[in-house]
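Colleague: I am new to this structure and would like a close look at a single part of it. Please take me through the charged pairs and then the place where they bear on the domains.

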Amino acid sequence: MKLISILGSTGSIGTQTLDIVTQFPNQFQVVGLAALKNVKLLAQQIRKFQPMIAAIGDSQKLPELQAAIADVKPQPILLAGESGVIEVAQFSNAKIVVTGIVGCAGLLPTIAAIKAGKDIALANKETLIAGGPVVLPLVREYGVKLLPADSEHSAIFQCLQGVPDQGLRRILLTASGGAFRDWPVEKLSNITVDDALKHPNWSMGRKITIDSATLMNKGLEVIEAHWLFGIDYDHIDIVIHPQSIIHSLIELQDTSVLAQLGWPDMRLPLLYALSWPERIHADWRQLDLVKLKELTFYAPDHQKYPCMQLAYAAGQAGGCMPAVLNAANEQAVALFLEEKIQFLDIPRLIEQVCDRYVIDNCSSPTLEDIIAADQWAREELINASQLLERLTISKVSSKQETLALT
C-alpha cells in the first residue's frame, strides 16, 4: 500500500490519479489533497477518499470548504493558501507526491516535498523547466526519486529501463500536432479560443491544451527532457505523430530505437509513476495494432509552430531564461483564454519578453533568482500586451479615418 498526496487534485492530473486509486484500492491510499479553488469537487474528494490533510489554495474559500465538509468524520486537517498546499506536499505520512498543479505555482510545493524526503510523481513540467538548476541538486541531496508522470517523459523513462549508462544517443519526442495540425498557416490568424481547445486526441486542462495548439508544450518538454535525462539539446528531436500511439522513442548508441506504445490515456504514465518499479495488471483497453493499421510521422512546421524554436533557444541560453520563457508563456496563454490577445500574439509576445531579458551569466541560478525572473517576465508580458493593444487600436482608428476621407 503506497500512501500518496495529490497536489492539484481537482485538475485533469488529479482526477485521473484518483480514478487510479479507486480502481486499485489495495495498492494506493490518499492521505493528502490540495486544490486551487474548486471547493465543490475538493469537498466531494474529501468525502470519498478521507485524506488526513487537505488544503485549498485560495484562502478566501476556506470557510466555504469547512462548511461543505462540516459533517465529515473524522475531519481532516484543513489548511489554505500557498503555505497550506506546501504542508500537504510535505505531510509526513505520504510516501509519494503527485504534482498536478499547473504552472510555476507547483515549484515551491514540489521543492518542499523533496526536502521532506518524498518521491515525486512529476506531472508539473514547470518544476524542471523553470527550476531545473535548483530541483535536480535537491533530488540528489535528499535521495528521492523523480518519476515522470506525463506520457512523453514516462515513455522515455520506460524505454531506458535496463539501458546502460552512456547508452542513450538521442531522444525523439512525439507530438500530436494539436488542434491545428491540419490547418494551413494562413487560417491561424482567425483562430478562436474554442478552436484552440479542441484537441484531437487528449482530454486535458485548458492551459496545456493551448500549449499543445502552439506546440509550446513540446518545446517545454524538450527542456524538461534535458534535465530529466541529462542529454544536450542537439540530441532531442520532435516529430509529429497524429495518432498519439507512440508516446516517445529513444535511439541508443548502436542506432537501435526503442518506443513505448499505448492508447492516448494519461492513466498509463500516472499508474507507472505510482507503481514503479512494479507493473500492476489493469483491465484497460488493450492496444490492437491490426485495428490501427498505420502509424504516421512528419516533421513539425516551424512557421506554424514558432514556439518550439523559442523553447530550444531558451534552453540553450540557460540560466533563468527557461523560467522567463515559461512565465511569459503562462501569462500569454491566460490572456488568450480571456480573449484579450489573438492566438498568433502568443509567440510574438513571448519572443519580445525573452529578447528584453538581460541574460544572466549564472549557470546555477538560485531559487530567488528564478522566482524574480518569473515575476519580471509576467509583468513584462502584460506590459507588452497592453502596448500591442494600443497599437492595434491606433491602427484600426487610422484605417477608419482613411476610409472616411475616401
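How many salt bridges does the count come to?

Modeller: The model is a predicted one, and by the rule used here the count comes to 17 salt bridges. A few of them are described below.

D19 counts as partly exposed because its relative accessibility is 30%, between the 20% and 50% cut-offs. R267 has a relative accessible area of 18% and is therefore buried, the limit being under 20%.

K207 and E126 also meet through their side chains in a salt bridge, at 3.5 Å from N to O. Here K207 belongs to helix α10 and E126 to helix α6 (residues 126-129), distant parts of the chain that are 81 residues apart. Both K207 and E126 are buried.

A further salt bridge is formed by E380 with R356, whose closest N and O atoms are 3.2 Å apart. Because E380 lies in helix α17 (residues 367-405) and R356 in helix α16 (residues 345-356), the pair ties together parts that are 24 residues apart in sequence. E380, at 16% relative accessibility, counts as buried, while R356, at 38%, counts as partly exposed.

Salt bridges also link K125, E152, K218 and E221 in a network.

Next come the domains. The domain assignment gives domain 1 (1-147), domain 2 (156-263 + 273-290) and domain 3 (317-402). Between domain 2 and domain 3 the count is zero salt bridges. Across that interface the rule finds one residue pair in polar contact. The side of domain 2 that touches domain 3 draws at least two residues from each of α9 (193-196), α10 (206-214) and α11 (216-229). Its largest share, six residues, comes from α10. By class, this side has 11 nonpolar, three polar and three charged residues.

In terms of contact, 17 residues of domain 2 meet 14 residues of domain 3. The two domains bury about 1,300 Å² between them, and 79% of that is on carbon and sulfur atoms. On the domain 2 side, V193, K207 and M216 lose the most area to domain 3, together 34% of what that side buries. K207 is also the partner of E126 in the salt bridge described above.

Note on methods. Residues are numbered from 1 along each chain as its sequence is written. This is a predicted model: local features need pLDDT of at least 70, side-chain atom pairs count only at pLDDT 80 or more; totals for chains, interfaces and linings use all residues. Side-chain values use heavy atoms; hydrogens and water are left out. Domain bounds come from an automatic or database domain assignment. Contact means heavy atoms within 4.5 Å. Buried area is the accessible area (1.4 Å probe) that two parts lose on being put together, summed over both. A salt bridge is a side-chain nitrogen of Lys or Arg within 4 Å of a carboxyl oxygen of Asp or Glu. A polar contact is a pair of N or O atoms within 3.5 Å; within protein, one must be able to donate a hydrogen and the other to accept it, and residues adjacent in sequence count only if both atoms are side-chain atoms. Helices (H or I, at least four residues) and strands (E, at least two) are DSSP runs, numbered from the N terminus. Ala, Val, Leu, Ile, Met, Phe, Trp, Tyr, Cys and Pro count as nonpolar, Asp, Glu, Lys and Arg as charged, and the others, Gly among them, as polar. Buried means under 20% relative accessible area, exposed over 50%, partly exposed in between (1.4 Å probe, protein chains only).
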